[in-house]
Every structure is written in structure tokens, then in C-alpha cells.
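Have a look at the sequence and the 3D view below. This short tour picks out a few spots and says what can be read from them.

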Amino acid sequence: MSKLVIVGTVAFDAIETPFGKTDKILGGAATYIGLAASKFDVDGAVVSVVGGDFPQEDIDMIASKGLDVAGLEVVKDGKTFFWSGKYHNDMNTRDTLVTELNTLADFNPVVPEHYQDSEVVMLGNLHPLVQLSVIDQMTNPKLVVLDTMNFWMDCALEDLMKVIAKVDVITINDEEARQLSGEYSLVNAAKKIRAMGPSYVVIKKGEHGALLFHDEGMFFAPALPLAEVFDPTGAGDTFAGGFTGFLAKTGNYSFENMKTAIIYGSALASFCVEKFGTERMRDLSKKEVYHRLQQFKNLTQFDIELT
């Protein structure tokens, strides 16, 4: 098993969907990634920052999942990053209502010394220069995975390109892949993005699954059709946590194993959307994950007689 470093936000969210709304609840990319990765019993560390208003019980909950929180900085006189959003009826689009960077504005991540030799690094969505500073702290990572978004393509493209050149895997959605590459075809988009540095490109398509591209070929994993989707917040981060958690557990970074990691990531993301915030992921059992993976297998496996 490989050690895993997770860098991203630990935050407060306030969410409104057609199914209801919440006050401030636990959120943040690193939180979702960490909860998903913890399902594999990985030796992982969360590197982030929160304010003095962040509940100790939430830090204890994250630690109870087997995640090292030595790299979770608490700024006693600061406030925790806060995001509020409202989803439209299609649940695929949303409006950001409030963004308060607070302690995140001056975040200078420090990877704990005993995790600087980690093989797997998961860079959650943050400013590219912050992500670069994490890469510089690692001694010899075998797999660096980057998550980013169109906001950084709009306002920090030069810095983002420096990060992309140093990572092994990039995970973005289809709209972002088209913007970054200037190509409408996702096949051509992935080819152009791989030329920027990453060996693997993962393109997330929400309820339509995820695509994996590599010079050995491409792979598609469907999203499991669900009767109800309550809250899509964190689904992409949960996917990334399942993906990197499985790879850290197996220590196998081949194209074939990446395919399996994509399925695990998709399966875990399908749980995340079933309740608001992190509620579903906190107490998710391994038995539930096993049954969901069986559903994925049944969804995609078939026999056909070629004539």
C-alpha cells in the first residue's frame, strides 16, 4: 500500500437544491476526497486550513477515518472557507451565491514530513501556485493527480499550465476539457491535453459517466442511474478520492488498473449524491460499496454472439 497526500479545501457549505436546503454544513474538496479514499484503509493525510470557528468534532471525525490531520492547519483567529450555491432543476447547473475565502486566501500548505515521501498525491481544486508548492515538497511521488476548473483557466492559465506539465493525471469535466484544449471532440481534447504533460486524462461527464484517455487507449465508465439525486456537491471530489484511494491501496498505476480505479470512483460518487453534503459518505459501509460495485458490473457486463 502507498501513502496518499490529499490537498484541498476543508470548508463550510450552504446548499439549496430542488429537494431542500441546508445551513452551514461540512464540505470542501479535501473532505470529500478524504472520506472516499478512507474506504480503502489507505495511509493518507489531509493538508488544508480552517479557522477557529471550525468544530473540533469534525476534525475528530476526519481523523476517525484513519486520515492524518497533522497537516490540517487551524488559524484560531480566522474563519473557515465558506461557499453557498443553488442548483437548478436539472441538477447539472448551479449558481454560486456566496464565496468567502477567509483563511484560504493566505493558505500555505505544509505537507507533514512523514508524508513527503508519499507515492500518490491528490491535488484538489486550488490556486495552481498552491498546487505547485505541494509538488515541490514531495520527494519522489509515483503518481500526481490534479483536479482543476475553468476559473483557473480564466484567471491563472500560465500558472495552471506549469502545474499540468508536472502531473501524471488530470481530472476535469467535459466543458473544462474543451476550454483548456480548444477542441470540441473530447478525443481530440484529451490528446491535446496529454501533450501538455499528463500521461492520463480523466474527463468527467456527471450523470453520463467518465472517460479515461492514455496512449494505450481509452476507457468509458458509466454513471449508475439513480432514482433520486439530492445534492451533486462533492461528487467530483468523491470520484477523485475513490480513484486515488484505490490506486494508493494497490500501488499499481498501469492503464488497466486505472480502469478499475475509474469504476471505484464512479461507484463512490453515486453514493455521495444521495444525501446532502458529506452525510452519506461519513457512515458508508464496505458492504454497501461492494453491492454498488456489483450493480456497476451488472450494468455493463453482457454476452454477445458475433455473427
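## What you are looking at

Keep in mind that this is a predicted model.

## H1 meets H8

Let's start with two helices, H1 (29-37) and H8 (residues 235-250). Their axes come within 7 Å and cross at roughly 40°. That angle makes H1 oblique to H8. As for handedness, H1 passes H8 in a right-handed crossing.

Who does the touching? On the H1 side, you'll find Ala-29, Tyr-32, Ile-33, Ala-36 and Ala-37. H8 brings Asp-237, Thr-238, Ala-240, Gly-241, Gly-242 and Gly-245 to the contact.

## H3 meets H5

Now try another pair: helix H3 (residues 128-137) and helix H5 (residues 157-164). Here the axes lie 8 Å apart, and the packing angle is about 25°. Angles under 35 degrees count as roughly parallel, so H3 is roughly parallel to H5. The crossing of H3 past H5 is left-handed.

From H3, the contact uses Pro-128, Leu-129, Gln-131, Leu-132 and Ile-135. Asp-159, Leu-160, Lys-162 and Val-163 are the partners from H5. In the contact of H3 with H5, six residues are nonpolar, one is polar and two are charged.

Next up are the rings. The model has seven aromatic pairs. Take Phe-40 and Tyr-264, for instance: their ring centres sit 5.4 Å apart with 65° between the planes, and the pair is edge-to-face. Phe-40 is in the loop between helix H1 and strand E5 (43-51), while Tyr-264 is in helix H9 (residues 255-272), so this pair ties together parts that are 224 residues apart in sequence.

Tyr-264 also pairs with Phe-246. This time the centres are 4.6 Å apart and the planes are at 15°, so the pair is stacked. Because Phe-246 lies in helix H8 and Tyr-264 in helix H9, the pair links parts that are 18 residues apart in sequence. Put together, Phe-40, Phe-246 and Tyr-264 form one aromatic cluster.

Tyr-264 has a value of 22%, so it counts as partly exposed.

## Two single residues

Back to H8 for a moment. Gly-236 has its place in this helix, and with a relative accessible area of 25% it is partly exposed. How far is its C-alpha atom from that of Leu-268, 32 residues apart along the chain? The two C-alpha atoms are separated by 9.9 Å.

Over in helix H5, find Glu-158. Is it buried or exposed? Its relative accessible area is 61%, so Glu-158 is exposed. Glu-158 and Thr-139 are 19 residues apart along the chain, and their C-alpha atoms are separated by 25 Å.

Notes:
Residues are numbered from 1 along each chain as its sequence is written. This is a predicted model: local features need pLDDT of at least 70, side-chain atom pairs count only at pLDDT 80 or more; totals for chains, interfaces and linings use all residues. Side-chain values use heavy atoms; hydrogens and water are left out. Axes are lines fitted to C-alpha atoms, for helices over the stretch in contact, and angles run from 0 to 180 degrees between N-to-C directions. Helices (H or I, at least four residues) and strands (E, at least two) are DSSP runs, numbered from the N terminus. Angles under 35 degrees count as roughly parallel, over 145 as roughly antiparallel, 65 to 115 as roughly perpendicular and the rest as oblique. A crossing is left-handed if the near helix is turned anticlockwise from the far one by less than a right angle, and right-handed if clockwise. Contact means heavy atoms within 4.5 Å. Ala, Val, Leu, Ile, Met, Phe, Trp, Tyr, Cys and Pro count as nonpolar, Asp, Glu, Lys and Arg as charged, and the others, Gly among them, as polar. Buried means under 20% relative accessible area, exposed over 50%, partly exposed in between (1.4 Å probe, protein chains only). Rings of Phe, Tyr and Trp (its six-membered ring) pair if their centres lie within 6.5 Å; planes under 30 degrees apart count as stacked, over 60 as edge-to-face and the rest as tilted.
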